[in-house]
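Colleague: Could you take me through this model, starting with how its helices and strands meet?

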Amino acid sequence: MAYKGVFTFAEQIDGVLTNVSYELIGKARDLAKDLDEDVTAVLLGEKISHLAPELIAGGADRVLYLDRAELKVYRTEPYTQAMTYVIEEYKPEILLIGATALGRDLGPRLAARVHTGLTADCTALEIDPENKELRMTRPAFGGNLMATILCADHRPQMATVRPGVMVREVADPERAGEIIQLDFKPEKNDCYVTVEEIAKKIGQHVDITEADVLVAGGRGVGGAEGFAILQELADVLGGEMAASRAVVDAGWQAKERQVGQTGKTVRPGLYFAVGISGAIQHLAGMEEAEYIVAINKNPDAAIFSVADVGIVGDLFEIVPKLIAALKKEI
Amino acid sequence: MKIIVCIKQVPDTNEVRINPETGTLMREGVPSIMNPDDKAALEAALRIKDASGARVIGLSMGPRQAEDVLREALAMGADECYLLTDRAFGGADTWATSSTLAAAIKQIGCDLVLTGRQAIDGDTAQVGPGIAEHLGMPNLSYAEDIRIDGSDVIVRQQYDDSIYTVRAAMPALVTVLSELNEPRYMTPGGIFDAYREKELTVWGRDDIEIEDENIGLKGSPTRVAKSFPKSVKAPGMTINEGADESVQFIVDKLKEKYIL
C-alpha cells in the first residue's frame with residue numbers, strides 16, 4: 001500500500017483539544033489540497049470520542065480515535081505505540097504534530113521507532129509542485145537562520161509545528177466526515193513509567209497566543225514592579241501582558257508569558273514592545289504580529305527594525321500618558 | 001552507578017550576528033561553548049555523584065575540537081569522557097545522531113543517561129528521546145528535578161500547563177532543562193586533572209558497533225535543502241520626540257489603522 005494522506009495528531013488535555021490541534025488541521029487542508037488527498041486527525045485518550053465531531057468541524061475529513069484508560073494522561077510509551085499502530089495500519093504520507101512540550105516528546109520517539117525523519121518546530125510547510133514532497137521550513141541558530149528540510153526516502157514525512165503560526169479554519173458544524181474507532185491495545189514494556197502526580201501550573205489560564213493585543217515588557221522595565229503600568233496598558237486595550245526572555249530569566253514574569261524562540265510564537269493584531277531591545281530570539285516569536293509599536297530609550301534598538309511605530313523615549317514617562325490618552329479614546 | 005551525560009559543543013548563538021548588508025550569518029569569532037542544557041545535565045549527574053556516589057561519563061559526537069567541552073566536563077568533575085569523531089559520522093541529522101550515540105552508550109554501559117533538553121544551535125529536542133528509543137529505555141523529558149530512589153529515578157517533568165512527577169525503573173534517559181540547576185565552575189585542580197590525570201577516549205567509526213546505514217549522512221532521513229536568512233519586513237516610522245508628541249503619534253497611528 002502506498003503512503004497516502006495528510007494526518008495530524010489531535011492533542012487533547014483533560015478532554016479539551018489544544019489550539020494547535022486545530023491549527024494543524026488548517027495547514028493540513030492546504031497540503032492535502034495540493035496533493036489531492038484527505039486530512040485525517042488522530043485522537044488518543046480516554047472518553048474522548050465527543051471531540052471527534054469538533055475535529056471534523058475544524059476541517060478534518062476523517063477522525064481516527066482510540067479510547068483507552070492507559071491513554072488518559074499523556075505518557076510517552078503508550079502514545080508512541082498507538083501512533084506507531086496508526087502509521088503502520090494507515091500509512092500516512094505526512095504526519096503533523098504540534099510542537100508543544102507533549103508533541104516534542106512524542107514526535108522524536110515516534111520517528112525513531114518507525115524510522116523516518118522528523119523536522120522540529122516548523123513555521124512553514126508547503127508541497128513542492130514538481131515532486132510533491134513536503135518542504136518543511138524551520139528557524140535554526142536561535143532564530144538567526146531559516147532552513148528548509150526534506151525527507152525524501154522515508155515515510156511518513158513528519159514535522160512538529162510551532163503553535164500560533166498556522167491558521168485554523170473557521171469551524172463548520174455542518175461539515176461531513178468519517179469517524180472511526182480504533183481497536184488497539186498498547187503493550188506494557190520496560191519503557192513504561194508510573195505517573196505519581198500531575199500538578200497544574202498556577203496561572204495556566206494565561207494563554208498569550210490567544211490574545212489579540214499583547215503588551216510585552218523587557219529588561220528596560222527595570223523590575224517586577226515596573227510591570228504594573230504594562231498590566232494597566234494591557235487592561236485598557238483589553239489585552240494580555242507578555243515578556244521577553246530576560247524578564248522571565250530574571251523571575252519578574254512567569255515563563256508562560258515569554259515570547260520568543262524559546263518561548264511562544266504570537267501573532268496578535270497589536271503588539272506593544274516596551275523596554276525590549278529586540279534580540280533575534282525575541283523577534284522570532286513576535287514579528288508576525290500585525291501591528292507593532294515599540295517604545296525604547298535606545299534609538300539603535302533592534303526592535304525598531306520590525307516596528308510599525310517606533311518611539312524613542314522613557315517608557316515610564318510615555319506609558320502613563322498613553323494610558324490616560326487611550327482611556328479618553330476608548 | 002554509572003551515569004552517561006551527552007554533551008554537545010555549540011556556537012554561542014547569542015553571539016551570532018547577521019551581516020546587515022548581505023543578510024548572511026557571521027560565524028567568524030563566535031565562541032564555541034558547552035550547550036547550556038547539557039551543562040545542566042552534567043551538573044545534575046555530578047550532584048548525584050556528590051550525594052550518593054556515581055561514575056560520571058561525558059560523551060560527545062563532533063569534530064576533534066569538541067574535545068574542549070569534554071575537557072571542561074572533566075574539569076567540572078566528570079570521571080572520564082568519550083569523543084566520537086569520524087568523517088563517517090558527519091552530516092548526521094537527529095535520527096543518525098541518536099542512533100550513533102545510542103550505539104556508543106550501549107558499549108560503555110550505564111544505569112542512567114542524562115542529556116540536555118535541546119541544543120541552542122538546532123533547538124530540536126529530538127536527540128534525547130531518539131537515544132532512549134534506540135536503547136529501549138524510557139525517556140523522561142524536561143526534568144526540573146531528578147531524584148534517585150533505589151533502582152528507580154523520579155523526575156519532575158515540566159509540560160506546558162502542568163508538572164508531572166514520574167517514576168521509572170533504570171536504565172532510563174532523562175532530558176534536562178537549564179533551569180534545573182546552576183552549574184559549578186571548574187576548579188584549578190580540576191583543570192589540572194582534566195588534562196593530566198583523567199581519561200578522554202577518542203572513538204572513530206570502527207570503534208563502535210553500528211551499521212553503516214544508521215550513521216552519518218547515509219543514516220539521516222532528512223536533508224537540509226537550503227538555508228537562508230529570515231526575510232525582514234520594512235521598518236515603519238520611528239520618532240524621537242517628547243512624551244506628549246509620542247503619545248499623540250501612537251494614538252493617531254492606531255486610529256489610522258482602525259485599531260482604535
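Predicted model: local features only at pLDDT ≥ 70, side-chain atom pairs only at ≥ 80, totals over all residues.

Colleague: How many charged residues are in the contact of H4(A) with H4(B)?

Modeller: From H4(A) come A:Asp105, A:Pro108, A:Arg109, A:Ala112 and A:Arg113, and they meet B:Pro129, B:Gly130, B:Glu133 and B:His134 in H4(B). By class, the contact of H4(A) with H4(B) has three nonpolar and two polar residues, and the number of charged ones is four.

Colleague: Which element gives the largest share of the side of chain A that touches chain B?

Modeller: The contact between the chains takes 71 residues from chain A and 66 residues from chain B. On the side of chain A that touches chain B, the largest share is nine residues, and they come from H4(A).

Colleague: How many residues on that side of chain A are nonpolar?

Modeller: The side of chain A that touches chain B includes 16 polar and 18 charged residues. Its nonpolar residues number 37.

Colleague: Within chain A, are H3(A) and H4(A) parallel or oblique to each other?

Modeller: Helix H3 of chain A (residues 76–90) packs with H4(A) at an angle of about 50°, and their axes are 9 Å apart. Roughly parallel would need an angle under 35 degrees. H3(A) and H4(A) are therefore oblique.

Colleague: What is the handedness of the crossing of H3(A) and H4(A)?

Modeller: On the H3(A) side the contact includes A:Tyr79 and A:Met83, and on the H4(A) side it includes A:Leu106 and A:Leu110. A:Asp105, A:Arg109 and A:Arg113 are among the H4(A) residues in this contact, and they also meet H4(B). The crossing of H3(A) and H4(A) is right-handed.

Colleague: Which residue in S14(B) does A:Leu145 stand opposite?

Modeller: Strand S10 of chain A (residues 145–150) runs antiparallel to strand S14 of chain B (residues 223–229), and six bridges join them. In this pairing, A:Ile149 stands opposite B:Val224. The residue opposite A:Leu145 is B:Pro229.

Colleague: In the hairpin of S9(A) and S10(A), which residue takes a positive phi?

Modeller: Strand S9 of chain A (residues 134–140) is joined to S10(A) by five bridges, and the two run antiparallel. A:Ala140 stands opposite A:Leu145 in S10(A). The hairpin has four residues between the strands, and the one with a positive phi, near 55°, is A:Phe141.

Colleague: Is B:Ile146 buried or exposed?

Modeller: B:Ile146 lies in strand S9 of chain B (residues 139–149). Leaving aside its neighbours within four places in sequence, B:Ile146 is in contact with B:Ala44, B:Val153, B:Val155 and B:Val174. There are 21 other C-beta atoms within 10 Å of B:Ile146. A residue with 20 or more counts as buried, so B:Ile146 is buried.

Conventions: Residues numbered from 1 in each chain as written. Chains lettered and ligands numbered in written order. Contact = placed C-beta atoms within 7 Å. Nonpolar A, V, L, I, M, F, W, Y, C, P; charged D, E, K, R; others polar. Pairing = 2+ DSSP bridges. Buried ≥ 20, exposed ≤ 12 C-beta atoms within 10 Å, placed from the backbone. Axes fitted to C-alpha atoms, helices over the stretch in contact; angles between N-to-C directions. Parallel < 35°, antiparallel > 145°, perpendicular 65-115°, else oblique. Left-handed = near helix turned anticlockwise from the far one by under 90°.
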